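Hi everyone, thanks for making time. Please have the sequence and the model open while I talk, and stop me whenever you like.

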Amino acid sequence: MGPTETIETGVTGASPDQPPGAPAGQPAEEPREASRRPFVSLSPSAIGAFKSCPLAFRLSYLDRLPQPPSVPAVRGTLVHAALERLMLAPGPERTPDRARACLAEAAAALADHPEMTGLALSPEESAAMLEEAARLLDGYFTLEDPTRVRPIGLELRMRAQVGAVRLSGVIDRLELDPDGELVVTDYKTGAPPTQQREQQTLAPLHLYATLVEQVIGRRPVRVQLLYLSGPEAIRADTDARAGAATIARAEALWSAILRARARDDFRARPGPLCDWCGYRPHCPAHGGDLAVLLASASPDDSGDPATDDPTGDPVALDPAADGTGGPGIGDSDTGHTGGDLGTGGPGTPTPG
Ligand code: SF4
C-alpha cells in the first residue's frame with residue numbers, strides 16, 4: 001500500500017447495481033444549499049445512481065436525504081453481515097448450519113439499528129424476513145464451496161486516485177484463488193440481471209478491481225457477482241484494456257456530475273427503477289413536490305456524501321437490486337462491516 005492508505009472497519013450498507021438510464025425527465029426543482037456541499041470521491045454505486053437518475057443521485061449522495069427503511073435493504077444487510085461472519089470462521093467450519101447461526105448473530109447485532117426498528121415489523125414479518133435471508137444463504141452454498149475460499153479482505157472500503165477521479169467503494173470480499181491470484185467478489189441479494197445486462201452489472205466490479213490494483217499494486221485477475229436469489233454467478237476476467245476503459249468511463253461520469261452540479265441541474269429520469277425509489281412520493285416526475293421533501297427531511301451529514309455506499313448495494317434504484325441507497329445500513333446489497341483501504345492523491349477534483 002502507499003503511504004496515504006488506511007484500513008478501517010465499520011458498518012456500511014449495500015449497493016445496488018443500476019441499469020442504464022431511461023428517457024430524460026424534467027429538470028429538478030431549485031436545489032437547496034445541501035446539494036452544493038463538497039464531495040471528494042465517487043463510489044461505483046454513486047456512479048450507477050447518477051447514470052440511472054441524476055435527481056435520485058443528488059438527493060441521496062449530495063443532499064444525503066435518507067430513504068425510508070425497506071425490508072429488501074435490511075434483508076440484504078443481514079445476508080452480507082452473515083456471510084462476512086461466515087468467512088471469518090475457519091474454512092472447514094463454513095457450513096450451512098454455521099451460516100444460519102451467523103445470520104442469527106447478525107440479526108441480534110442489528111436489532112436496535114434505526115433501519116431495523118424503523119421497519120416496525122411484527123414478529124411474524126420479522127421471521128419471514130429472516131427466513132428469506134436464510135433462503136438466500138442456502139442459495140449461496142450452491143454457487144461455491146466456502147470451505148475453499150481464501151479471503152484476505154472482507155467488506156473492504158477502498159479509496160484511490162484513479163485517473164482524474166478519486167474513487168471509493170466497499171468490496172464485499174477480496175480473496176486469493178488457487179493460483180494465488182486476486183479475485184473480487186460481490187454478493188447480490190436482488191434478482192439476477194438479464195443476459196443483456198450482465199456486462200453492465202459487472203462494471204462496478206471492474207471499478208473495484210481498478211481500486212485494488214491502485215491500492216495494492218496488483219490487478220485482480222477476475223471479478224465475480226454472486227446472485228444468491230438466482231442463484232447465479234456472473235464472472236469475468238480482467239485485463240489492462242478493460243481497466244483503462246473503466247477509468248475513462250469513470251472520468252466521463254465525474255465530469256458529467258461536475259457539470260450538473262455547476263448548473264444545479266440534476267434531472268429526474270423516470271423509469272422502471274422509480275418503483276424502488278424512496279423519493280418517488282416527492283418526485284416532480286411523478287407529480288410530487290420536491291420542495292416538501294427538501295423542507296422537511298433531515299440530511300445525514302455523516303461521512304463523505306459520494307463515498308459512502310450505505311449498503312453495498314445502495315439508493316434503491318435498481319429493481320434487480322434489493323436495497324435502498326442513501327444513508328443507512330442498507331446499501332442495497334450490503335450493510336456490512338469491513339476494512340478500508342485508500343490512497344489519496346493530489347489534484348483531486350472536488351466540486352463545490
Ligand atoms: S422516482 Fe424515479 S425519476 Fe423520481 S427521483 Fe426516483 S428514480 Fe428518479
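What do the buried residues of α2 pack against? Before I answer, two notes on what you are looking at. This is a predicted model, in which local features need pLDDT of at least 70, side-chain atom pairs count only at pLDDT 80 or more, and totals for chains, interfaces and linings use all residues. Residues are numbered from 1 along each chain as its sequence is written.

Now the answer: the buried residues of α2 pack against α1 (44–52) and α8. A word on those labels: helices (H or I, at least four residues) and strands (E, at least two) are DSSP runs, numbered from the N terminus. By "buried" I mean that 20 or more other C-beta atoms lie within 10 Å of the residue's own; with 12 or fewer a residue is exposed, and in between it is partly exposed, with C-beta atoms placed from the backbone. In helix α2 (residues 54–62), nine of the nine residues are buried, so the helix is largely enclosed by the rest of the structure. The buried set includes R58 and S60, along with residues such as L55, F57 and Y61. After α2 comes R64, which has a positive phi near 55°.

Let's step back to the whole chain. It has nine helices and eight strands, and buried residues make up 51% of its 352 residues. Of the contacts with a separation of 6 or more, 77% are between residues 24 or more positions apart. A contact here requires C-beta atoms, placed from the backbone, within 7 Å of each other.

Helix α7 (residues 198–216) packs with helix α8 (residues 240–263) at an angle of about 105°, and their axes are 9 Å apart. The two are therefore roughly perpendicular, a label for angles of 65 to 115 degrees. On the α7 side the contact is made by H206, L207, A209, T210 and E213, and on the α8 side by A242, G243, T246, I247 and A250. By class, that is five nonpolar, four polar and one charged.

D264 is not a glycine, yet its phi is positive, near 50°. With 15 other C-beta atoms within 10 Å, D264 is partly exposed. You will find A120 in the loop between α5 (114–117) and α6 (123–141), and it counts as exposed, with 9 C-beta neighbours inside 10 Å.

Next, the hairpin. β5 and β6 form it with four residues between them. The strands run antiparallel, joined by six bridges, and Q224 stands opposite R235 in β6. In the loop between β5 (222–227) and β6 (232–237) is P231.

Last stop, the ligand. 16 residues surround it, and the closest are C53, A268, C274, C277 and C283.

Note on methods
Axes are lines fitted to C-alpha atoms, for helices over the stretch in contact, and angles run from 0 to 180 degrees between N-to-C directions. Angles under 35 degrees count as roughly parallel, over 145 as roughly antiparallel, 65 to 115 as roughly perpendicular and the rest as oblique. Two residues are in contact if their C-beta atoms, placed from the backbone, lie within 7 Å. Ala, Val, Leu, Ile, Met, Phe, Trp, Tyr, Cys and Pro count as nonpolar, Asp, Glu, Lys and Arg as charged, and the others, Gly among them, as polar. A residue is near a molecule or strand if its C-beta atom, placed from the backbone, lies within 6 Å of it. Two strands pair if DSSP finds at least two bridges between them.
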